[in-house]
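Trainee: Hey, can you walk me through this one? I'd like to get my bearings.

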Amino acid sequence: MTKSSIKREVALAGQQVRRKVIFAFALCSVIPLLLLTYAFHAPVREFLGPIVGLKDSVSVPALLAFTALLMAGGAFIVWDIATALSRAAELSNEQSPELPAEPARQDEIGTLMSSFARMLATIKQQWMSEWTDILRSNDVPINTYRVIGELERILDKENSIVTHDAGAPRDSIMPFYTATIPHSYIGWGKTTHLGYGIPLMIGTKLAKPDKFCLNFMGDGAFGMSGLDIETSVRAGAPITTIVLNNGDMATYPGGYPTARELFNVTKMTGDYAKLAEGMGAVGITVTRPGDVAPALRKAQELNAEGKTVLIDIHSNMESRKSRGE
Ligand SMILES: Cc1ncc(C[n+]2csc(CCOP(=O)(O)OP(=O)(O)O)c2C)c(N)n1
Ligand SMILES: [Mg+2]
């Protein structure tokens with residue numbers, strides 16, 4: 001079976017499931033109503049009788065039979081949904097035998113749970129297939145997603161805490177960095193002020209000195225609070241900061257047109273590694289994709305020795321975003 005036909009079948013199964021869930025909910029709302037009617041049938045019959053003349057035609061056994069029919073219908077739908085999900089899981093499995101196949105429980109719930117897990121894994125696999133090459137890009141200037149790919153591959157997630165700054169760094173890292181334990185990733189809003197990442201990580205390091213604390217920021221964000229690298233050194237809170245040095249604001253390609261034309265407002269230059277050195281930290285400049293991973297390992301070592309690190313990565317103006325479409 002081809003990838004696109006599997007995709008279509010899974011999508012169709014999803015649509016059917018949605019319709020059936022809505023129908024099942026509708027049925028479920030009728031059942032309690034009927035049971036209530038049964039409980040209060042005498043007053044209800046009194047009430048209905050004079051209005052519609054049904055006093056003798058609405059019998060309790062008839063109501064019970066109707067309720068039983070509805071319940072049987074509901075049970076059939078649940079069974080049908082489970083079948084649809086199992087089929088989707090089978091399809092996922094055909095395409096991806098490496099996905100988890102054995103349910104943790106051997107009953108219907110286990111089947112449902114593993115079906116969902118496999119559907120999600122398939123969706124993630126399809127999504128990632130569009131991004132894998134980008135996350136391993138060898139482009140120069142270094143692609144933003146290559147840096148994120150290295151973070152994802154190298155960091156010991158259980159012993160790291162990561163945050164991003166505002167702007168494109170946030171939009172790019174959010175979909176791809178996998179937080180494996182609570183409080184290992186501090187995510188916050190795009191519209192929060194630029195420059196929040198360094199102080200955030202200083203506080204984090206003070207609270208969790210044994211963790212590798214990393215801030216992922218743009219050069220524009222560095223302009224807002226870069227001097228806090230000195231605070232990190234002075235406070236004895238050795239963190240690592242990645243500066244995506246793309247010389248511009250990738251978040252606003254073509255933004256601020258008048259100020260851009262008159263004052264070149266979004267452009268910026270700087271040797272951020274040198275600036276970090278001037279503040280007592282260790283500065284590492286990275287211009288080749290293959291040097292990102294070694295720089296990250298070095299930063300981990302240096303942080304463990306108590307030194308604050310800034311990695312100045314000469315990166316691209318990346319405009320692609322994963323929006324879950
Ligand atoms: C204090 C502050 N000013 C302005 C903004 C609006 N803003 C959000 S992202 C951004 C540009 C960020 O540029 P940079 O840090 O270089 O990241 P890039 O988009 O280039 O990756 C701006 C101006 C903001 N969030 N906070
Ligand atoms: Mg920038």
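**Finding our way around**

Mentor: Let's begin with a loop: N264 sits in the one between α11 and α12 (272–278). Helices here are DSSP runs of H or I with at least four residues, strands are E runs of at least two, and both are numbered from the N terminus.

Trainee: Before we go on, what kind of model is this?

Mentor: This is a predicted model, where local features need pLDDT of at least 70 and side-chain atom pairs count only at pLDDT 80 or more, while totals for chains, interfaces and linings use all residues. Residues are numbered from 1 along each chain as its sequence is written, and chains are lettered from A and ligands numbered from 1 in the order in which they are written.

Trainee: Back to N264, is it buried or exposed?

Mentor: N264 counts as exposed, because it has 10 C-beta neighbours inside 10 Å. The cut-offs are 20 or more other C-beta atoms within 10 Å for buried, 12 or fewer for exposed, and partly exposed in between, with C-beta atoms placed from the backbone.

Trainee: And what is its phi?

Mentor: Phi of N264 is near 55°, a positive value in a residue other than glycine. Most residues other than glycine have a negative phi. Y256 has a positive phi too, near 45°, and lies in the loop between β4 (240–245) and α11 (257–263). Y256 counts as partly exposed, because it has 13 C-beta neighbours inside 10 Å.

Trainee: New topic. Which residues does a cis peptide bond join?

Mentor: V140 and P141, with omega about -5°. P141 is in the loop between α5 (132–135) and α6.

Trainee: How do α6 and α13 pack?

Mentor: Helix α6 (residues 144–154) and helix α13 (residues 292–304) pack at about 50°, with axes 10 Å apart. Axes are lines fitted to C-alpha atoms over the stretch in contact, and angles run from 0 to 180 degrees between N-to-C directions. The two helices are therefore oblique to each other: under 35 degrees is roughly parallel, over 145 roughly antiparallel, 65 to 115 roughly perpendicular, and the rest oblique.

Trainee: Last one: which residues come nearest to ligand 1?

Mentor: Of the 17 residues around ligand 1, G167, A168, G218, G220 and T251 come nearest. Being near means having a C-beta atom, placed from the backbone, within 6 Å of the molecule. α9 gives the most to that shell, with four residues.
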